[in-house]
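This report describes one protein model for a reader who has not seen it before.

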Amino acid sequence: MFGLGALGLLGGALSHVVRGLTPGDPDSGARHALFVTIDVLAALGVWRRPRWFVLPFACLTLQQMTTHGAAAAQALQAGGAPQPVDAIVTLGLPLLLAALVWDAWRPLPEPGGET
């Protein structure tokens, strides 16, 4: 699951690269560059899973719920379907956060014990 999550975040970074280079995109190039950086760092964090990473990832998840999650909810309230990226982010990031919390709270192996 963590590998798939890291790949998804790298896909998000690639999406921001493409959108940042697309003429006429309503979002600024600086915003896309910021999210390329955030997505790549988040992918590394998900891949490596240091215990301290849960808090920054929780902050990212909360921020994404206020943007992609709000857009998905708005589409549903209007009687339509959310954009695929909004649905994927809204469903995927909380699941990934839950997995990171579970992983961070599981007991560490004893020194010299089996892993």
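In this predicted model, helix 3 has these buried residues: Val 54, Phe 57, Leu 60, Thr 61, Gln 64, His 68, Gly 69 and Ala 72. Their cover includes helix 1, helix 2 and helix 4. An α-helix has 3.6 residues a turn, so residues three or four places apart point the same way. Helix 3 is not straight throughout: a bend of about 40° is found at Met 65. After helix 3 comes Gly 79, which has a positive phi, near 90°.

Phe 57 of this buried set also belongs to the largest nonpolar core, which has 18 residues. Along with Phe 57, the residues with the most contacts inside this core are Leu 9, Val 46 and Leu 100. Two or more core residues come from each of helix 1, helix 2, helix 3 and helix 4. Helix 4 gives the most, 7 residues. In soluble globular proteins, nonpolar side chains tend to be buried together.

Which residues does Leu 9 touch, not counting those up to four places away in sequence? They are Asp 39, Ala 42, Ala 43, Val 46, Phe 57, Leu 93 and Leu 96. Val 46 and Phe 57, both in this list, are again among the residues with the most contacts inside the core.

Helix 1 also holds His 16. Is His 16 buried or exposed? His 16 counts as buried because its relative accessibility is 13%, and the cut-off for buried is under 20%. Leaving aside neighbours within four places in sequence, the contacts of His 16 are Arg 31, His 32, Phe 35, Val 36 and Asp 39.

Helix 1 and helix 2 each supply at least two of the patch residues, and the largest share, 3 residues, is from helix 2. At 49% relative accessibility, Leu 44 counts as partly exposed, because exposed means over 50%.

The two residues with a stated accessibility are set side by side here.

| Residue | Relative accessibility | Class |
|---|---|---|
| His 16 | 13% | buried |
| Leu 44 | 49% | partly exposed |

Definitions and conventions. Residues are numbered from 1 along each chain as its sequence is written. This is a predicted model: local features need pLDDT of at least 70, side-chain atom pairs count only at pLDDT 80 or more; totals for chains, interfaces and linings use all residues. Side-chain values use heavy atoms; hydrogens and water are left out. Helices (H or I, at least four residues) and strands (E, at least two) are DSSP runs, numbered from the N terminus. Buried means under 20% relative accessible area, exposed over 50%, partly exposed in between (1.4 Å probe, protein chains only). A nonpolar core is a set of buried Ala, Val, Leu, Ile, Met, Phe, Trp, Tyr and Cys residues joined through side-chain atoms within 4.5 Å. Contact means heavy atoms within 4.5 Å. The bend at a residue is the angle between axes fitted to the seven residues ending there and the seven starting there.
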